[in-house]
Amino acid sequence: INKAFFPLFQADSRLKALNATFRVKNPDKRFTELKHYSDELQSVISHLLRVRARVADRLYGVYKVHGNYGRVFSEWSAIEKEMGDGLQSAGHHMDVYAASIDDILEEEEHYADQLKEYLFYAEALRAVCRKHELMQYDLEMAAQDLTSKKQQCEELATGTVRTFSLKGMTSKLFGQETPEQREAKIKVLEEQIQEGEEQLKSKNLEGRDFVKSAWADIERFKEQKNHDLKEALISYAVMQISMCKKGIQVWTNAKECFSKM
């Protein structure tokens, strides 16, 4: 499995410090749906792995207890003359059967590890979504700040206060600013507005580049995920079939041993 997915995602302390999910006004529907999918994928795979672990525990017990057949048949063969060889051989097959579970579970664990990889990939998908949410939040805050500064500049230029503010109330109580003071503030605001527009343009471009690159990674993830999970599930099924066939062979051998007694 390729572990080089999502090179765009970098650990960002702000992701932990800021819960952007509940602050973004215009979330991208694609990333919202992707986050829900990643949550569900992780839940399904986690449940599948828990079921596999429970089955493996029970299977281990079933196989190992067959070692008791081997011990009993061996002890029984010691007190029999005509049946002794057949019982001893059958016991040997049971011992081999009981010991085979260790290799079986080792092979099973390999397929389980392939599934576990997708627990990490599901978390990587969520991280991409959180990164996008944070970028969208920054973009919206920059746009809001730019709008506020433009409004302040307009109010200073026209002398008309469009919305209530502590600043406007203070001006009424302590007098209006001089034309020179107002011109100086307008100049500062105009510079800040120009910087804000450039910053907003940069953030928009950064956001589009992130979405383009992230979505290309996500499409590759989807394609490889389908291939990897299909391969792992088929291999697991084939292993189970092989294990059952070996079990049938062991009991067929035991049957032949009993028939020769």
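In this predicted model, helix α2 (residues 29–77) and helix α4 (residues 101–158) pack with their axes coming within 9 Å and crossing at roughly 165 degrees. That angle is over 145 degrees, so α2 runs roughly antiparallel to α4. As for handedness, the crossing of α2 and α4 is left-handed. Sorted by residue type, the contact of α2 with α4 is made up of 22 nonpolar, four polar and 10 charged residues.

Next come the aromatic rings. Eight aromatic pairs turn up in the structure. One of them joins F31 and W215 in an edge-to-face arrangement, with 5.2 Å from centre to centre and 65 degrees between the planes. This pair ties together distant parts of the chain, as F31 sits in helix α2 and W215 in helix α6 (residues 179–259), 184 residues apart. Both F31 and W215 are buried.

Another pair is made by Y118 and Y121, whose ring centres are 5.0 Å apart and whose planes meet at 65 degrees, so this pair too counts as edge-to-face.

Finally, the cysteines. A search of the whole structure for disulfides comes up with zero. C257 has a relative accessible area of 11%, so it falls in the buried class. C244, by contrast, counts as partly exposed because its relative accessibility is 47%.

Methods:
Residues are numbered from 1 along each chain as its sequence is written. This is a predicted model: local features need pLDDT of at least 70, side-chain atom pairs count only at pLDDT 80 or more; totals for chains, interfaces and linings use all residues. Side-chain values use heavy atoms; hydrogens and water are left out. A disulfide is a pair of cysteine sulfur atoms within 2.5 Å. Buried means under 20% relative accessible area, exposed over 50%, partly exposed in between (1.4 Å probe, protein chains only). Axes are lines fitted to C-alpha atoms, for helices over the stretch in contact, and angles run from 0 to 180 degrees between N-to-C directions. Helices (H or I, at least four residues) and strands (E, at least two) are DSSP runs, numbered from the N terminus. Angles under 35 degrees count as roughly parallel, over 145 as roughly antiparallel, 65 to 115 as roughly perpendicular and the rest as oblique. A crossing is left-handed if the near helix is turned anticlockwise from the far one by less than a right angle, and right-handed if clockwise. Ala, Val, Leu, Ile, Met, Phe, Trp, Tyr, Cys and Pro count as nonpolar, Asp, Glu, Lys and Arg as charged, and the others, Gly among them, as polar. Rings of Phe, Tyr and Trp (its six-membered ring) pair if their centres lie within 6.5 Å; planes under 30 degrees apart count as stacked, over 60 as edge-to-face and the rest as tilted.
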